Amino acid sequence: MTLKIALSEQFAKKLIAIVSRDRGGRGVSKLCRPSDWRAAAESFAPLRRVAVISGFFIPGADAPETDGPGGAVMLARAYLRQGRSSEIWTDALCIDVMKACAEAAGYPAELVKEAPSLLADSRMDGLIFSERLGRAADGGYYNFRKMDISRWTPALDRLADEARLLSIPTFGIGDGGNEVGMGCFYDELCALLPDYASCLCTVRTDCAVAVDVSNWGAYAATAALSCLWGSWRGPERGEELAMLEAVIKAGAVDGISRRPELTVDGFDIAVQDKVISSLFELWSQYSRKR
């Protein structure tokens with residue numbers, strides 16, 4: 001299958017209209033630009049072996065949150081379905097929920113692993129960080145309540161630093177400003193969220209997108225990759241519910257309410273399904289033009 005060279009500006013703008021509308025009211029996704037999506041898709045579509053790094057633990061609920069697993073699984077599965085290789089990397093606190101999500105979507109649970117100590121041992125062509133906390137200017141890791149949760153957040157962002165030294169491309173997806181990759185928007189975020197500036201992530205990635213919900217950003221990334229690959233590799237109908245039911249059963253909670261409910265950042269299943277169907281419709285529209 002021939003790989004298209006570029007993602008169109010129009011396609012990128014429509015992705016933003018679907019997943020970066022500031023529906024959560026944080027303002028972060030207003031910083032998303034079409035060039036961000038084009039750079040990410042065009043850099044990552046050719047790669048053969050990718051690791052997706054995710055998992056956000058909430059100490060106040062003693063559980064991982066529902067945002068992160070679904071997006072990580074869909075991205076990693078997209079590469080497998082395209083005949084490439086992928087793994088999902090997380091930490092010991094989040095791995096059971098991540099494996100449950102993977103199994104619900106038919107992604108091999110054995111490919112969900114605790115992140116390696118050294119990136120050089122993994123032979124990856126690229127790293128994607130989605131809803132993974134990154135360090136702030138003082139070296140700490142902060143949630144959106146300004147709580148230092150470094151004790152519960154293994155420093156997987158160090159892999160982005162190592163990747164830079166090894167010339168391995170990186171891509172960050174975030175919705176709050178404290179995730180790996182949001183360092184690309186650091187100055188704008190400090191101006192946008194001055195009361196939260198000390199908690200913002202300073203870790204940059206080669207490509208980054210700011211979205212309303214990180215899972216949606218990951219789903220949008222599968223749509224962008226699908227556009228370049230020529231076949232739909234994103235979420236299918238009914239999978240969002242299956243994944244949410246699985247992660248809740250495994251102990252996850254909504255990051256906003258901190259309750260075990262079928263929501264992601266406060267958005268119910270109907271909203272999740274609408275985002276997914278809109279992304280598929282966008283891809284279908286463009287695939288008919290090929």
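Which residues line the second largest pocket? In this predicted model, the lining is made by Pro 235, Glu 236, Arg 237, Gly 238, Glu 239, Glu 240, Asp 273, Ile 276, Ser 277, Phe 280 and Glu 281. The top contributor is α9, with 5 residues. Sorted by class, the lining of the second largest pocket has 6 charged, 3 nonpolar and 2 polar residues. The space inside this pocket is about 190 Å³.

Let us turn to the largest pocket. Its space comes to about 230 Å³. It is lined by 15 residues, and those closest to its centre are Arg 26, Glu 65, Phe 144, Arg 145 and Gly 255. Charged residues number 8 in this lining, alongside 4 nonpolar and 3 polar ones.

The model holds 4 cavities of 30 Å³ or more, and the largest cavity has about 50 Å³ of space. Around the largest cavity sit Trp 37, Ala 40, Ala 41, Phe 44, Leu 75, Tyr 79, Ile 128, Phe 171, Ala 221, Ala 224 and Leu 225. By class, these lining residues are 11 nonpolar, with no polar and no charged residues. At least two lining residues come from each of α2 (34–44), α3 (69–81) and α7 (214–229). Helix α2 gives the most, with 4 residues.

| Space | Volume | Residue classes in the lining |
|---|---|---|
| Largest pocket | about 230 Å³ | 4 nonpolar, 3 polar, 8 charged |
| Second largest pocket | about 190 Å³ | 3 nonpolar, 2 polar, 6 charged |
| Largest cavity | about 50 Å³ | 11 nonpolar, no polar, no charged |

Two of the helices around the largest cavity, α2 and α7, also pack against each other. Their axes come within 9 Å and cross at roughly 60 degrees. With angles under 35 degrees counted as roughly parallel and 65 to 115 as roughly perpendicular, α2 and α7 are therefore oblique to each other. The crossing of α2 past α7 is right-handed. On the α2 side, the contact is made by Trp 37, Ala 41, Glu 42 and Phe 44, while α7 brings Gly 217, Ala 220, Ala 221, Ala 224, Leu 225 and Leu 228. This contact has 8 nonpolar residues, 1 polar and 1 charged. Several names return from the cavity lining, including Trp 37, Ala 41, Phe 44, Ala 221, Ala 224 and Leu 225.

How do α4 and α8 meet, and at what angle do they cross? The axes of α4 (residues 95–104) and α8 (residues 239–249) come within 8 Å, with a crossing angle of roughly 150 degrees. Angles over 145 degrees count as roughly antiparallel, and α4 and α8 are therefore roughly antiparallel to each other. As with α2 and α7, α4 passes α8 in a right-handed crossing. Helix α4 makes the contact through Val 97, Ala 100, Cys 101 and Ala 104, and helix α8 through Ala 242, Met 243, Ala 246 and Val 247. The class count for this contact is 8 nonpolar, with no polar and no charged residues.

Notes:
Residues numbered from 1 in each chain as written. Predicted model: local features only at pLDDT ≥ 70, side-chain atom pairs only at ≥ 80, totals over all residues. Heavy atoms only, no water. 1 Å grid on protein atoms, 1.4 Å probe; cavity = no way out; pocket = protein on both sides within 12 Å on 5 of 7 lines; lining within 4 Å. Points joined across faces, edges and corners; volume = space filled by probe spheres on them. Nonpolar A, V, L, I, M, F, W, Y, C, P; charged D, E, K, R; others polar. Axes fitted to C-alpha atoms, helices over the stretch in contact; angles between N-to-C directions. Left-handed = near helix turned anticlockwise from the far one by under 90°. Contact = heavy atoms within 4.5 Å.
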